[in-house]
Amino acid sequence: MAPPGQQSHKLHETYGINNPVPKVSLRSIVDPRQGTESKAKKVTGNEREEEQKQNEKYAGEIEKEAVQVKDPVTGDDVKIKHGDDEPDPRSTGENILEQDFPPPDWAAHRRRVVSITTQLVICISLAYALSPLIVYMLVHQPLFPSSLRPTSSAAQLFTLVLSLVPPTLYTYGCMYKLRNDADSDFDDRLWHAERERGWRGGQDRDNDGTVEGEERFKESAEWVNDLVKGVWPIINPDLFDSLLDMLEDIMQSSVPRFIHSVRVSDFGFGTTPMRITSVRSLPDAGTDTVMEGLDEKARDHLNAEHINLEVSFAYRAMPSGSTVDTKAHNPHLLTEFFLGMRGVFAESVPVWVELTGVAGTARLRMELIPDPPFIKTTLVTLMGLPSISLSVVPMSERLPNVMNVPLLSDFIAKSINAAAAEYVAPKSLTLDLQQLISGDDIKKDTQAMGVLIVHIHRAVGLKKMDASDEKPAADPYVTLTFSKQGKPLFSTRIIEGDLNPVFEETAALPVDPNTVKIGEKLSLQVWDSDRASADDMMGFVEVDIIDLMREKNTPVRRWTPLASPDDQSRPGEIEYTVGYYSKMAPNTSMKTDGSDPGIPEDLKNEPAFQQARAVALNDLEAAVLCTPPDPAWPSGILSVQVHEIKGLTVKKFGKQNRGKSGEKGQEEGEKEQEEGEGLPSSYACIEINDQLVYSTRVKPVTATPIFNAGTERFIRDWRTAHVSVVVRDQRMRENDPVLGMVFLKLSELLVHASEITRSYSLEHGVGYGRIRISVLFRPVQAKLPPHLLGFDTGTLVVRNVRARPSQEHLAELAKCALHMKTYTSGTKLSRSTAEKQEDGSIVWQVDKPSEIPVQKRYSSSFFVAFKTTSPITGTKKRALAVLWLRDIVDSEDKAITVTLWQSEDYSRLKHNYVPLDGDLSAWDADKQKMHKIGTVELDVTFVPGVTAAHQRVMNRRNKEMKQAWEEFDRREAAGLTDKVGQQSSELQEAAAQDAKSRRTDSDSVDSVGTSYTEVNPEDVHMDVHDAKGGVDEHHDHDNADYDESHESEQEGDEKTHNPIKKLKQWREHEHELGREHRGLKQAKPARTAEWIKDNVENAVDKVEGRFKQRSREPDVETEV
């Protein structure tokens, strides 16, 4: 069986689009607040159920037999198997101390000794030859006293003997040196053999010349067990809050549906420590071919200095009695299960969970760094399912262990196995030990090392997939995935009835190191959408990410034939441009003091404002903490982390004292409590540029929820981007109210640093609290053209429409009404507003600009249909003009000219991309059916972000859209809407310079250089592959007549006798009160009635949605 998609989890981060090989979240499922289910999942069940079933099936397969997978630690193909139910406590390995040394290199030792000996013999010989000669010459020097000069034979012999004493002493020294050098070389080689025995750590049983991982010895590590035994009882459990949060996630993902949330109330290690039964080192698999061609920086990032270890562990609890004291000797959890029906009722059941036994094996890859604590990240993977036994007892000393109940014990065991399967190879868990040891939970770099920017141009020659003759062509769309993960990360729009679709859509996918290490490929999959059944794959193309990294920061345009997902032939080709863009280092010329921009300049040196900055662990992190992003590089990777909330409570507005005389209106400071009745069950939602991208899981009934969760996303322009963090309260029998929200404008936040962590007060909701949020931005080396730097959500403002048709169509079009639409909404201009101009054009006068809401701007077109109405022929379309919203720049007031077309079939013009100049060279033969009859000048502006115009499309029946509209309504009431899509004052001057330059180059707005994502064919290498409130400034405070007149004006406005106006005023007033659950909404029945109505409407919307075509869009990331 093929294992589930290879993933690598990181403790403080979430997986998803930024981290396609998952990063933080333990699961990515369909969020209950947003997202449309894909066609295939409508038939086979939702994605969460499918993933849970897949893990359970995988766990069951491992239980039966060994499964071969790829080890994420060493890169080897290994067989994994679950732990034994009764593990043998004896070591089955061999003690390396009992192994013989590998033979030293005696030949090298001989060469060394011979070399030293030869040198010394030569030196000794020279000494004996030269010493008598030197003595003789000294004696016969004229200056030498003649009385001492030897003349007799005996004297000469004695002189000769004396001359031999120095070389003899020298010879003794040389022999001493020879002996020491020989002994030293012998010892060196012997100790090297001992060292080599340790390096090898095993026996080459297959005689292939290398000692592989499975041939390494398993050794005991009793010194580690003694260390653990001493440290275990004194460990502070508070250090593991993040791990407990992760554990809650695992439990939440495994419980049945009648348990809608789980909370770990208490945790203890006990006094009985875990034991390490064996340890062995592991080598790396060969990665040279994978890394070949990468630059040094990328290669170092992927293959940093590290060590690999395999650790076998075991634990068996001490026998415990029925009292809590005896049970506390073992590792334990006090867990609360909230049983009931989600949103209807819930009952808390506390449960004591005691770990009684565990045995298993894990592999670790520890990245080494030169600074303490010398270990940075550690990747952990389980080599099969560990054998785990638990004692689960409801909070009563007399109730039995529910693990002895047959059906329940089997369910709990399977749930544990399914949860443990999240970390069984090839999946893994990544821990930043350096960060954990330093006590720093703030990210200073993104997990993603770069992004893939893909521009999908078109597909040609596709094959019809449905056998029905009712459908003459396919309804294609393209998704981007990673080949092994399979989850859609991006989807284009569906183009109906076309076998040669022209998309022109752009996507950016973050890439992390683990994606590269496991050999992921970028997969472009072409699908045929179907209303009734699962969508059919029409073909796919895979691109090696390593190859793209070798040619980084350079886009390549390709034509590639589609590969078939089955044995049948799949004709067709796809044209796309793809490139890998790496992260940029902070611009050191912009370095600051890194202070929080919220602190006034004259107060920065006050001790009370000296903030404790995050611990900088290397030069890059230090630069991130004191260098703001460079405005010249606006695109990059944004990381948003929600850490925790302190003092989270719900506003009560004095209801607790019933307004008795003499009592306080409201209590100014209640007793703080972390848990108890009446506290909210909160979850946080992260929105970037008014789009929901991440949702945490629910933290039930607590005033101090710890999330430590977040996401990484590619953003087009940090200078105009904003982040909203909305905290909601999950309630029974009413809609989840907004406890508070935080609005973050990145250009106002990232003034002195690229990372900032700050606590914010929750505002504009029904609760109080302070939430801690971290924001980090790292730019990438990709400069998108200005029209691709905008928001995907906004409002198109149409001020004027001027048509310039040919003379033969002038009279006909002057009688037409205009129908202006996008895919989701539109407006009309009556033909009575049309006026002919002296220059031969027709202008439809607009008294008030039309505002058309847009939700998916970069895949949407704005088309203007010229229609006539006759009682005989009915409504007939005379001409059509199409503007693709991807071609306009945010907040730019400009008249845009598009081509005016006439055709018998306008459907292709509505769905297939048409450039501003009307060039249809990328179309197939159908372009012959399109006739240019003039041009249309559109005076339009795209206003970024949600505006009041979105009310008619968002405040309807869909639950998720209603929640999004509620959040906008609160932001609008707080006066924050004006900041959306605007740069900070510090960046206005730079923006004006860019706009001036943009006007200069307006004729070549589509011409992009090689550093841009969208490129012209001649600019890139063609690669063909096979496969309110305020003060009245005019108030005269000394004039009593002014007060009377001013009050009378206000009373005149409010005391109207028009019942319709009175009703409208009452509804507006109730709406304002309702935001804080006052007025009618202070009553629980009123909120319940609204909840029932909304749920009925949402159910109807879901039923209708099942009969609509939808592409396989990526889901909203969630923590569970």
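In the predicted model, residues 120–139 are 100% helix and 0% strand, and the end C-alpha atoms of this span lie 28 Å apart. An unreviewed UniProt entry annotates residues 120–139 as a "transmembrane region". Helix α3 comprises residues 106–139. The end C-alpha atoms of this helix are separated by 49 Å, which agrees with the 50 Å that its 34 residues should span at 1.5 Å a residue. The buried residues of α3 are Ala 108, His 109, Ile 116, Leu 120, Ile 124, Ala 127, Ser 131, Pro 132 and Val 139.

The largest nonpolar core contains 38 residues, of which Val 69, Ile 80, Phe 313, Leu 333, Val 353 and Leu 382 touch the most other members. Two or more residues of this core are contributed by each of the strands β2 (67–70), β3 (77–80), β4 (259–268), β6 (306–316), β7 (332–341), β8 (345–368), β10 (387–394) and β11 (428–432). Strand β8 supplies the largest share of the core, with six residues. In soluble globular proteins, nonpolar side chains tend to be buried together. The surroundings of Phe 313 were examined individually: when residues up to four places away in sequence are not counted, Phe 313 touches Met 274, Arg 275, Ile 276 and Thr 277, together with Val 358, Ala 359, Gly 360, Thr 361, Ala 362 and Leu 382.

An open sheet is formed by four strands in the order β14-β13-β16-β17, with antiparallel pairing. Leu 480 is positioned opposite Leu 524 of β16. In a regular strand the side chains alternate between the two faces of the sheet.

A further set of strand pairings involves β29 (residues 817–821), a mostly covered strand in which four of the five residues are buried. Strand β29 runs antiparallel to β34 (residues 861–870), to which five bridges join it, and His 819 stands opposite Ala 865 in β34. Strand β29 also pairs with β30 (residues 826–829), again in the antiparallel sense, over four bridges. Strands β29 and β30 form a hairpin, with four residues between them, and Lys 821 is placed opposite Gly 826 in β30.

Helix α20 (residues 959–973) has 15 residues and reaches 21 Å from its first C-alpha to its last, close to the 21 Å expected at 1.5 Å a residue. The buried residues of α20 are Glu 960, Lys 962, Gln 963, Trp 965, Glu 967, Phe 968, Asp 969, Arg 970 and Arg 971. The helix is followed by Gly 975, whose phi is positive, near 75 degrees.

Side chains of opposite charge can pair when their charged atoms come close. In this model, the count of salt bridges comes to 35. One of these pairs Glu 967 with Arg 728, with the closest N and O atoms 3.2 Å apart. Because Glu 967 lies in helix α20 and Arg 728 in strand β24 (residues 722–729), the pair ties together parts that are 239 residues apart in sequence. With under 20% relative accessible area as the criterion for burial, Glu 967 counts as buried at 3% relative accessibility, and Arg 728 counts as buried at 0%.

Salt bridges were also found between other buried residues. Arg 731 forms a salt bridge with Glu 734, with a distance of 3.3 Å between the closest N and O atoms; Arg 731 and Glu 734 are both buried. The side chains of Arg 886 and Asp 887 likewise meet in a salt bridge, at 3.4 Å from N to O. Asp 887 is buried, with a relative accessible area of 8%, and Arg 886 counts as buried at 2% relative accessibility.

Terms used. Residues numbered from 1 in each chain as written. Predicted model: local features only at pLDDT ≥ 70, side-chain atom pairs only at ≥ 80, totals over all residues. Heavy atoms only, no water. Buried < 20%, exposed > 50% of the residue type's maximum accessible area, 1.4 Å probe, protein only. Pairing = 2+ DSSP bridges. UniProt positions renumbered as here; feature names shortened; annotations may be inferred. Core = buried A, V, L, I, M, F, W, Y, C linked by side-chain atoms within 4.5 Å. Contact = heavy atoms within 4.5 Å. Expected span 1.5 Å × (residues − 1). Salt bridge = Lys/Arg side-chain N within 4 Å of Asp/Glu carboxyl O.
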